Amino acid sequence: MILVTGATGNVGAEVVAALIAAGEPVRALQRKGEAPAGAETVAGDLNEPESLKPALDGVAAVFLLPGYRHMPKLLEQVRLARVARVVLLSGGSAGDGDPDNAVSRYMAESEAAARESGVPWTFLRPSAFMSNTLRWAPQLREGDVVREPFADVRVANIDPCDIAAVAVQALLTSAHEGQIHHLSGPESLLPADRLRVLGEVLGRDLVLRPQANDEARTEMSAAMPAEYVDAFFRFYVDGTLDESKVLPAVGEITGQPPRTFRQWAADHAEAFA
């Protein structure tokens, strides 16, 4: 049995689907939301480690999200349940050694908890998700102009299903234990490049309006805590995080090339209608 946390999220849902497609028994941990088809579901709260005991019963491996309040205690529950391995979804900034960056800090602390848990681990450090493009959907339902911060930053965005494909390999075998996999998509694109491709898929003439940094900071501050806004500005304005590199790991691990942004856009076109 494989336990998938965040089973209704962008990556977790893909992990569930990939495991089911591989014929593996899946248990989906969730607090709310629609149950993934084909998976056993169990309630639990990653911020309350004791609540995970029923979910961990009989589990061989765990797909784990980072950044919860008591990661060491959470990993202790995983160890006490005699789980064979844990695959942690982390991020590229986990290794930058910047404790003043809120995102880098919670990624690094989550990895440290896994390292110190005594449970064999694999870390996945993907670039930004293609599914982040869904943030444009409300604007595109209103018109053909997209306002976007950090418009001069190239990113080799990755399809969450490619992250899931790597995760499944690491969950099902011991071959990836103790390894950190840096994952990317196959193309290094500017936001304008992604919008052009999305427009071609939708049959629309879309226009990108880059946001000035002060406008972007104001808008982002209305949606997230200040420390996370500061983190993204450190990444993409100060340039402390480079996600532009196209990396080979997805193809090497899965035997299949990573999916293009055009493929992702075609699969999710209805979200922008």
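**Helices, cores and buried residues**

Reply: The axes of helix α8 (residues 213-221) and α9 come within 9 Å and cross at roughly 145°. Axes are lines fitted to C-alpha atoms, for helices over the stretch in contact, and angles run from 0 to 180 degrees between N-to-C directions. Helices (H or I, at least four residues) and strands (E, at least two) are DSSP runs, numbered from the N terminus.

Me: What kind of model is this, and how are residues numbered?

Reply: It is a predicted model, in which local features need pLDDT of at least 70 and side-chain atom pairs count only at pLDDT 80 or more, while totals for chains, interfaces and linings use all residues. Residues are numbered from 1 along each chain as its sequence is written, and side-chain values use heavy atoms, with hydrogens and water left out.

Me: Back to α8 and α9. Is the crossing right-handed or left-handed?

Reply: The crossing of α8 and α9 is right-handed. A crossing is left-handed if the near helix is turned anticlockwise from the far one by less than a right angle, and right-handed if clockwise.

Me: Which residues meet there?

Reply: From α8, Asn213, Ala216, Arg217, Met220 and Ser221 meet Val229, Asp230, Phe232 and Phe233 of α9. Contact means heavy atoms within 4.5 Å.

Me: OK, next one. How many residues has α4?

Reply: Helix α4 (residues 102-115) has 14 residues. From first C-alpha to last it reaches 20 Å, close to the 20 Å expected at 1.5 Å a residue; the expected span is 1.5 Å times one less than the number of residues.

Me: What is at its start?

Reply: A side-chain oxygen of asparagine 101 comes to within 3.0 Å of the backbone nitrogen of valine 103.

Me: What does α4 pack against?

Reply: Its buried residues pack against α3 (71-80), β5 (85-89), β6 (121-126) and α9 (226-236). Among those buried residues are Met107, Ser110 and Glu111. Buried means under 20% relative accessible area, exposed over 50%, partly exposed in between (1.4 Å probe, protein chains only).

Me: Why does serine 110 count as buried?

Reply: Serine 110 counts as buried because its relative accessibility is 1%. Its side chain reaches the backbone nitrogen of glycine 67 at 2.9 Å, and a polar atom of that side chain lies 2.8 Å from the backbone oxygen of tyrosine 106.

Me: And why glutamate 111?

Reply: Glutamate 111 counts as buried because it too is at 1% relative accessibility. The side chains of glutamate 111 and serine 90 are joined by a polar contact of 2.7 Å. A polar contact is a pair of N or O atoms within 3.5 Å; within protein, one must be able to donate a hydrogen and the other to accept it, and residues adjacent in sequence count only if both atoms are side-chain atoms.

Me: Now the largest nonpolar core. Which members touch the most others?

Reply: Of its 29 residues, Val4, Val15, Phe63 and Leu124 touch the most other members. The largest share, seven residues, comes from α6. A nonpolar core is a set of buried Ala, Val, Leu, Ile, Met, Phe, Trp, Tyr and Cys residues joined through side-chain atoms within 4.5 Å.

Me: What does valine 15 touch?

Reply: Leaving aside neighbours within four places in sequence, valine 15 is in contact with Val4, Phe63, Ala164, Ala167, Val168 and Leu171.
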